[in-house]
Each structure stands twice: as C-alpha cells, then as structure tokens.
Amino acid sequence: MYNRILDLYFLKDGMGVKSDLAQFYSKNAAHYHQTRQKFWVDWDKIIEQIRSLKLEKIKILELGCGSWRFLDYLKKHYKGDIDYVGIDIAEGMLDFARKEHPEAKFIAGDMSQILTSFERESFDVIVACASFQHLPQVLERQRLIDMCYRLLRYEGLLMMTNWAFSNWFLKKHWRIFVKSGFKFLISLGKQSWRDVFVPRVGKDSLELRYYHLFSLEELRLLLTNGGFRIKKLSYVDRRGEEVSSWKNSNNSRFVAVKTIFR
C-alpha cells in the first residue's frame, strides 16, 4: 500500500508502527522461537554488571523480552535468586516464554503504557535488548527513560543494546537510506534520516519493521535528561567488543546508573 502510506506519513502515526510490530512478531512467533536460539554476545557484559550489584536476590525487568532467551541465559549464568518480569508487545511470543519459564511473570502490551502500572523503585535492573529502537517518537523515548528512572532503586542499572548505523548496515540497506534521506529533506529536517523501515521475511510475506538507529549522542542526551549517570556508552561490533567508530559497529550499548541526585 504505497510504501505503507509513505511509512505512516513520516511516523506521525506511532500506534500504527506498534500495531504492525505486534502483528509481525505474533504471526511469526513460532519461527522466531525456533530460529533465535543463539545467545547475544552482549549478555555476558550485562550479567557482569548484575553481579557487580552483589545482591543475593535480583529483581529484574526486561523490555521487549521476546520468547525467553535472555532469562534462560541469566538463569544459567547468574547464581543468585532471580525475580523476573518480562514485557513484550507480541502475545504470541509470550506464549512460548510462559511455557519455558512458568515461574516468571510475562506481560503482553505496549511497554510505555505498562510501565506506568508499577510502583516506584520496584526493580534493581532494567534490560532492553534491541527493543527501545522500535519506539517511533522522541518524546516517547524520553518518557520511557524517565519511567525507568522512576522504577529503579537507587544505584539500580538500566542497560540497553540497540542497532547502530554502520558501514555494514549502509552497504546492505542503502536503498532504505535513500528513502529516509528523501523524507528528511522534504520534511525540512523534522523527520530523522535515522528512522528506517527494514524489510523482513515473515511467515508468508515480506514486511517492514521500524527501527531508529541511535547515535551515542542521542542516547547520552536521553539518559542525562532522565537523571541517569552513564557508566558505559559505546559502539560495539558483532563480537560485543567496543569499537571507537560507528563505521565498524553493529550495535550501541550502554550501562546507566540511577543516582541519588538528579
């Protein structure tokens, strides 16, 4: 349909982006559950940070948890007790998660809305692996960071990985950037060229999924505006190792701490 009505008229329809995302992952839940069994290289780094808190019991919230993989890895590599809550927009993905981990709590829905239902200082750690990048609007991203600050206990950790703009991404998806650059120009700079719709092969069709490719400065601004102290912020390659330039990166990764003074 005419490039999804020119990508939802330059992302003014944020709900349309989320609806598409929920439908895509629910419809393809079985496929993703079967084919996404590998562990992310970033998870070792995340668990190192969790260990640094030196807590006998950790209360952790995962945003965009998918079917179960991070929790499974966490239980295998973290020796302390785990009180886990996972949120995902796709109910179909959580059907698998609940079967694998009936002891955990999984909630289906929009994470930006669900977070408002938790009490202050409910969690020691909040993790988001490749999910924050799907939020289509700047104000919503900042609100979510603000809510994470509210929900973390003092000295609690917020950790994320997100896709990064890179030479590899540009080479593979150069047509996408031609389109996003065009939208940037005709919107007079109001629509970010970092907002992209990447084609993905679904169960029976080729579909588009929205991503925002964060720069480190964007993430730094969101975190500092939200009151966080940044412990680590870097680009990382496919092996999860820090790199100095976006050109050689695969993802961005950060660790942020909730401090007493905002």
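I began with the pair Asp95 and Arg98, which form a salt bridge with the closest N and O atoms 3.8 Å apart, a salt bridge being a side-chain nitrogen of Lys or Arg within 4 Å of a carboxyl oxygen of Asp or Glu. The model is a predicted one, so I noted that local features need pLDDT of at least 70 and side-chain atom pairs count only at pLDDT 80 or more, whereas totals for chains, interfaces and linings use all residues. Residues are numbered from 1 along each chain as its sequence is written, and side-chain values use heavy atoms, with hydrogens and water left out.

Asp95 and Arg98 are three residues apart in helix 6 and are therefore separated by about one helical turn; helices (H or I, at least four residues) and strands (E, at least two) are DSSP runs, numbered from the N terminus. I looked up the accessibility of both and found Asp95 partly exposed at 38% and Arg98 partly exposed at 31%, where buried means under 20% relative accessible area, exposed over 50% and partly exposed in between (1.4 Å probe, protein chains only). Glu91 joins Asp95 and Arg98 in a network of salt bridges.

I then counted the salt bridges in the structure, of which there are ten. Among them is the pair of Lys75 and Glu103, whose closest N and O atoms are 2.8 Å apart. Lys75 lies in helix 5 (residues 69-77) and Glu103 in the loop between helix 6 (91-100) and strand 3 (105-108), so this pair ties together parts that are 28 residues apart in sequence.

Arg220 and Glu217 also meet through their side chains in a salt bridge, at 3.2 Å from N to O. These two are three residues apart in helix 11 (residues 216-225), separated by about one helical turn; Arg220 is partly exposed at 35%, while Glu217 is exposed at 51%.

About 40 Å³ of space lies in the largest cavity, with the volume taken as the space filled by probe spheres set on the points. Its lining consists of Val17, Asp20, Leu21, Phe197, Leu208, Arg209 and Tyr210, and helix 2 (14-27) and strand 7 (206-212) each supply at least two of the lining residues.

Technical notes: 1 Å grid on protein atoms, 1.4 Å probe; cavity = no way out; pocket = protein on both sides within 12 Å on 5 of 7 lines; lining within 4 Å.
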